[in-house]
Amino acid sequence: MCGVRGHVVPAGWAQQLRGALAPLVIITGDGRRLGQCLRCDAWLDTPIESTPAGEPGLLSPDLVPRRGQALRDAIILRAIAVERAVHSVAFGLLAIGLLVLRVDLTGLQSQAKTIVNDTNGGLAGPGQTASQTTILHQIERLLNLRRGTLGVLALTAIVYCVLEGTEAVGLWYERRWAEYLTVIATAGFLPFEVYELTKRVTIVRITALVVNVAVLVYLVWSKHLFGIGGLRREEESVGLVG
């Protein structure tokens, strides 16, 4: 259903609201009153009889569909929110896995030690040597794990999960504080991402770095955070003043 951009009021209000109604309602040469649709820009008949009695108030911004730059900003913010939500879920699952591993670490290490001893005592064919070496290397890493280390890693994953989840919720609802939080957190993690790339370059790490830099630049410049990119654009308000 189309929403009418303008309100037609009784004649007694015309003089008072002339300035507010001018860009919203037009009167054709044959006396028809037209109001502009908020969604499709079509001009619709708005007869006086269809106008509720009483003094018109402000038109709620929630009733005005966004378009143009405002709509693009909302879509981009929600896309960033979804990306942060995916990260939050991943960190949450990682934290659960680390906690489970920490609880049963002794039993797992005992089984791993048995596997290592059995493997070293057996004979492997030429084609199995490489695969066995890789498997044994991973098992030996399990033997070197400490409960304290797993606890720290699990706590770190929980902090990341909560942080990314908070960013996701705040950005989805377009909260200003969430934009600042996302920028600060993203900027703080960039040095670690660059350091990881210096150790090993992978497609995943490069993609993560590019995405985070893009998010950082967009929020700082487009949202005018910290006064960068000029003054913040004033929010538009559409309505009638009684």
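Guide: A pocket is an open set of points on a 1 Å grid over the protein atoms alone, with protein on both sides within 12 Å along at least five of seven lines, and its lining residues have an atom within 4 Å of a point. The points are joined across faces, edges and corners, and a volume is the space filled by probe spheres set on them. This is a predicted model, in which local features need pLDDT of at least 70, side-chain atom pairs count only at pLDDT 80 or more, and totals for chains, interfaces and linings use all residues. Residues are numbered from 1 along each chain as its sequence is written, and side-chain values use heavy atoms, with hydrogens and water left out.

Visitor: What is the volume of the second largest pocket?

Guide: Four helices, α3, α6 (147-172), α7 and α8, each supply at least two residues of the lining of this second largest pocket. The lining has 27 residues, and F91, Y160, E193, E196 and A208 lie nearest the centre. The volume of this pocket is about 870 Å³.

Visitor: In what order do the elements of the protein chain run from the N terminus on?

Guide: Helices (H or I, at least four residues) and strands (E, at least two) are DSSP runs, numbered from the N terminus. The protein chain has eight helices and three strands. From the N terminus on, the order is α-α-β-β-β-α-α-α-α-α-α.

Visitor: Which helices are included in what covers the buried residues of α8?

Guide: Buried means under 20% relative accessible area, exposed over 50% and partly exposed in between, with a 1.4 Å probe and protein chains only. By that rule the buried residues of α8 are L209, N212, V215, L216, Y218, L219 and V220. Contact means heavy atoms within 4.5 Å, and L219, leaving aside neighbours within four places in sequence, is in contact with L77, I80, E179, T182, V183, H224 and L225. The cover over the buried residues of α8 includes α3 and α7.

Visitor: Is S88 buried or exposed, and with what relative accessible area?

Guide: S88 lies in helix α3, and what covers the buried residues of α3 includes α6, α7 and α8. Not counting residues up to four places away in sequence, S88 touches C161, E164 and G165. S88 is buried, because its relative accessible area is 10%.

Visitor: What phi does E174 have?

Guide: Most residues other than glycine have a negative phi. E174, which is found in the loop between α6 and α7, is partly exposed, with a relative accessible area of 27%. Its phi is positive although E174 is not a glycine, with a value near 55°.

Technical notes
On a 1 Å grid over the protein atoms alone, a cavity is a set of points where a 1.4 Å probe fits but cannot get out, and a pocket is an open set with protein on both sides within 12 Å along at least five of seven lines; lining residues have an atom within 4 Å of a point.
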